[in-house]
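Subject: Structure handover

Hello,

The structure we spoke about is below, with notes on what was found in it. Please read them next to the coordinates.

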Amino acid sequence: MSGSEVEAAKILAHQSRCPVCGAGVCNGGGGAHFASATFSCGAMFETYSAGVRAIEACPCPSNIAAAALTREAGILPHNTNAQDLTEEGE
Ligand SMILES: [Zn+2]
């Protein structure tokens, strides 16, 4: 069955990495109709009646944006990777 709450719960329960930045899962699971997952970056997702929603947004894109502005200010070297700024760059 696709497009169902059951499928959304199954998909979220099987995420081993943050779908935004790839950080590892630190807490997750669920039952047939509900799942939630928390990742080491701080992001948290859960299923609800219309699919999957973010409870806590992944902070990594904002950290990368902040680093880009810092780099623009000449404080960080230009060769600093976005990956260096994430907990578990891969
Ligand atoms: Zn993340």
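Helix α2 (residues 60–72) has 13 residues, which at 1.5 Å a residue should span 18 Å, and its end C-alpha atoms are 18 Å apart, so the two agree. The expected span of a helix is 1.5 Å times one less than its number of residues. Just after α2, Gly74 takes a positive phi of about 85 degrees.

This is a predicted model, in which local features need pLDDT of at least 70 and side-chain atom pairs count only at pLDDT 80 or more, while totals for chains, interfaces and linings use all residues. Residues are numbered from 1 along each chain as its sequence is written.

The protein has two helices and four strands, in the order α-β-β-β-β-α along the sequence. Helices (H or I, at least four residues) and strands (E, at least two) are DSSP runs, numbered from the N terminus.

Strand β3 (residues 44–48) and β4 run antiparallel and are joined by five bridges; strands pair if DSSP finds at least two bridges between them. The two form a hairpin with two residues between them, and Glu46 stands opposite Arg53 in β4.

Across the 90 residues of the protein, 18% count as buried. Buried means that 20 or more other C-beta atoms lie within 10 Å of the residue's own, with C-beta atoms placed from the backbone.

Regards

How values were computed:
A residue is buried if 20 or more other C-beta atoms lie within 10 Å of its own, exposed if 12 or fewer, and partly exposed in between; C-beta atoms are placed from the backbone.
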